[in-house]
Amino acid sequence: MNNLAKRAIFGSLFVGVLIFSILYGKITFITLFLIIMNLSLFEFNRLIQLNSSFPYILGNLLFVFANALNVHDIPSRLLSEYAGVALFLGFFATFISILFNKKEEAVDQLGKKFLSVVYIALPYTLIVMIPFLNNDFEYVNTTILGVFILVWVNDTFAFLVGSNFGRNKLLERISPNKTWEGFLGGMIFTIIGSYVLAHYFTKLSFVNWLVFALIVSIFGVLGDLIESMFKRQAGVKDSSNMIPGHGGFLDRMDSVIFAAPFIFIYLLLIS
């Protein structure tokens, strides 16, 4: 099997599983993203050479406490009460853990542990809360599905436009292949995509989908660049080879995990 066929098969499989989990129900959606979060934590911890169980403990505590409310149909406004306790316990345990490290490693280890939680676990927790951020606190699958569609549109057209018309480098020292032309092309087509989504996913207005498109276009590319920076420092091309032809889960989710917190904040403000 050549690389192009492998990329198409496994890419379609990944997208299919993702869409199925979102549309089937909130339990499948939350469960899938709990699994992907832990796989992404594994990939990232390997990139930054962190050998610790605490990002997993704290990340899973945060994810489970926060989204247990949504599983049991308790409004997400109670997040601060439950997730706050989980965060405190996790942070406390993390500080205690560094007492057993060598003195010269303590600050470095603590920084990596917090980075792993903030960069990976927190965004995944917020991603899963996005479809519940509405006036009725119900699971609206079209909200999160639309976010992923916008991300895929942005990534696809940024690549196509950049490959064919790209001349001016966006940030060459981090990602030599990314161009301003690709960035603008991705943004334009993502805005068009938001107009189309507004006609089919009517739970949100066109203005809201337009804001989503702008967030995805701007912060999605920043997320891609940040992950590229980590991979460049680690001296690797992909975060792993878990998805044949595509690299790792972090490679596929880097745009979403950086854009999701801003979409979460926007939805929190309007709802």
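Q: What separates glutamate 227 and lysine 231 in helix α8?
A: These residues are 4 residues apart in helix α8, so about one helical turn separates them. Helices (H or I, at least four residues) and strands (E, at least two) are DSSP runs, numbered from the N terminus. The model is predicted: local features need pLDDT of at least 70, side-chain atom pairs count only at pLDDT 80 or more, and totals for chains, interfaces and linings use all residues. Residues are numbered from 1 along each chain as its sequence is written, and side-chain values use heavy atoms, with hydrogens and water left out.

Q: Why is the pair of glutamate 227 and lysine 231 called a salt bridge?
A: The term requires a side-chain nitrogen of Lys or Arg within 4 Å of a carboxyl oxygen of Asp or Glu. Here the N to O distance is 3.7 Å, and therefore the pair qualifies.

Q: What makes the salt bridge of lysine 231 and aspartate 251 a tie between parts of the chain?
A: The side chains of these two residues meet at 3.0 Å, N to O. Lysine 231 belongs to helix α8 and aspartate 251 to helix α9 (residues 249–270), so the bridge ties together parts 20 residues apart in sequence. Through shared partners, Glu227, Lys231 and Asp251 are joined into one network.

Q: Why does lysine 231 count as buried?
A: Buried means under 20% relative accessible area, exposed over 50%, and partly exposed in between (1.4 Å probe, protein chains only). Lysine 231 has a value of 11%, so the residue is buried. Aspartate 251, at 7%, is buried as well.

Q: How do you know that lysine 178 and aspartate 224 form a salt bridge?
A: Their closest N and O atoms are 3.1 Å apart, so the pair meets the limit for a salt bridge. Lysine 178 lies in strand β2 (residues 175–179) and aspartate 224 in helix α8 (residues 206–234), 46 residues apart. Aspartate 224 is buried, at 18%.

Q: What makes serine 175 a buried residue, and which residues does serine 175 contact?
A: Serine 175, in strand β2, has a relative accessibility of 9% and therefore counts as buried. Leaving aside neighbours within four places in sequence, serine 175 is in contact (heavy atoms within 4.5 Å) with Leu225 and Ser228.

Q: Why is helix α6 called oblique to α9?
A: The axes of α6 (residues 141–165) and α9 come within 11 Å and cross at roughly 135 degrees. Axes are lines fitted to C-alpha atoms, for helices over the stretch in contact, with angles from 0 to 180 degrees between N-to-C directions. Angles under 35 degrees count as roughly parallel, over 145 as roughly antiparallel, 65 to 115 as roughly perpendicular and the rest as oblique; α6 is therefore oblique to α9.
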